[in-house]
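Trainee: Could we go through this model together? I would like to understand where the labels come from.
Mentor: Happy to; ask away.

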Amino acid sequence: MSESSGPFVKICGLKTAHDVDVAVEAGADAVGFVFAPGSPRTVGAGLARELAGRVPAGVLTVGVFRGQPVAEVRRFAEESGVRGVQLHGEEGPEYYEELRAPGRTLLRATAEHVERCGEYGEDLLLLDAPDPGSGKPWNWGSAEFTAPRGHWLLAGGLTPENVGEALRTTGAWGVDVSSGVERERGVKSPELIRAFVRAAHASAH
Ligand SMILES: O=C(O)c1ccccc1N[C@@H]1O[C@H](COP(=O)(O)O)[C@@H](O)[C@H]1O
């Protein structure tokens, strides 16, 4: 994982070589490929392998899953060569145990309150909206919100305009975005990707 002093930034839902290159050149720490079915961002393992092959070793490649059987997750991860696995379903700790592999980073996405990162054996916790990938924000700015301990990413409705405030308000270790860097649903905007990474990095100063 990133040792840089700024926040960890993941750009998710990439489908083209150009968008991958833009995210990497902009300074993203991680790029995500959606393997969950039914999303306008869903890609197959073959395309993801091509895209992941463009990514330098210092940038984490992540496969995104939702409610899929463990064998399917493992197969997609192995066929695509992604180094991270992000789970958005109801999977319990045993699921993480089964997916643990040398060099693999496990990300647990949840919309529930969590005390600390690592409760299910994950390396990174991702606090997201109940409807992941929808672009809808949630109540991370409210007085009731309490941040988990450890490394966690904030996601859900983030944009270049609100990411700085989101990082300052929540103290998140990093951020993850998909909709907020798209010009239309499922189609990334290079300008918005660059603006998002710039705004996230600027929040550290
Ligand atoms: O992006 C999707 O379509 C998706 C589908 C299924 C599970 C997760 C998905 N994306 C994740 O959602 C957040 C981004 O949300 P937003 O669009 O920025 O509001 C991020 O964690 C993606 O990995």
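Mentor: Let's begin with a term: a polar contact is a pair of N or O atoms within 3.5 Å. Keep in mind, too, that this is a predicted model.

Trainee: Which residues come nearest to the ligand?
Mentor: There are 22 residues around the ligand, and S39, R41, G157, D176 and S179 come nearest.

Trainee: Why is T110 called buried?
Mentor: Its relative accessible area is 11%, and buried means under 20%, so T110 qualifies. T110 lies in strand β5, residues 105-110. Its side chain reaches the backbone nitrogen of E112 at 2.9 Å. Leaving out residues up to four places away in sequence, T110 touches L125, L126, L127 and D128.

Trainee: Why is P40 called partly exposed?
Mentor: P40 has 34% relative accessibility. Buried would need under 20% and exposed over 50%, so P40 falls in between. P40 is found in the loop between β2 and α2. Not counting residues up to four places away in sequence, P40 touches K15, R185 and G186.

Trainee: How do you know that α6 has close to the expected span?
Mentor: Helix α6 has 13 residues, 190-202, and reaches 18 Å from its first C-alpha to its last. The expected value at 1.5 Å a residue is 18 Å, and the helix is close to that.

Trainee: What do the buried residues of α6 pack against?
Mentor: They pack against β1, α1, α5, β8 and β10. The buried residues of α6 are P190, I193, A195, F196, V197 and A200.

Trainee: How do you know how confident the predictor is?
Mentor: The mean pLDDT of the protein is 95, on a scale from 0 to 100. For the complex, the predictor gives an ipTM of 0.98 and a pTM of 0.96. One caution: where pLDDT is low, the predicted coordinates should not be read in detail.

Terms used
Residues are numbered from 1 along each chain as its sequence is written. This is a predicted model: local features need pLDDT of at least 70, side-chain atom pairs count only at pLDDT 80 or more; totals for chains, interfaces and linings use all residues. Side-chain values use heavy atoms; hydrogens and water are left out. Helices (H or I, at least four residues) and strands (E, at least two) are DSSP runs, numbered from the N terminus. The expected span of a helix is 1.5 Å times one less than its number of residues. Buried means under 20% relative accessible area, exposed over 50%, partly exposed in between (1.4 Å probe, protein chains only). Contact means heavy atoms within 4.5 Å. A residue is near a molecule or strand if one of its heavy atoms lies within 4 Å of it. A polar contact is a pair of N or O atoms within 3.5 Å; within protein, one must be able to donate a hydrogen and the other to accept it, and residues adjacent in sequence count only if both atoms are side-chain atoms.
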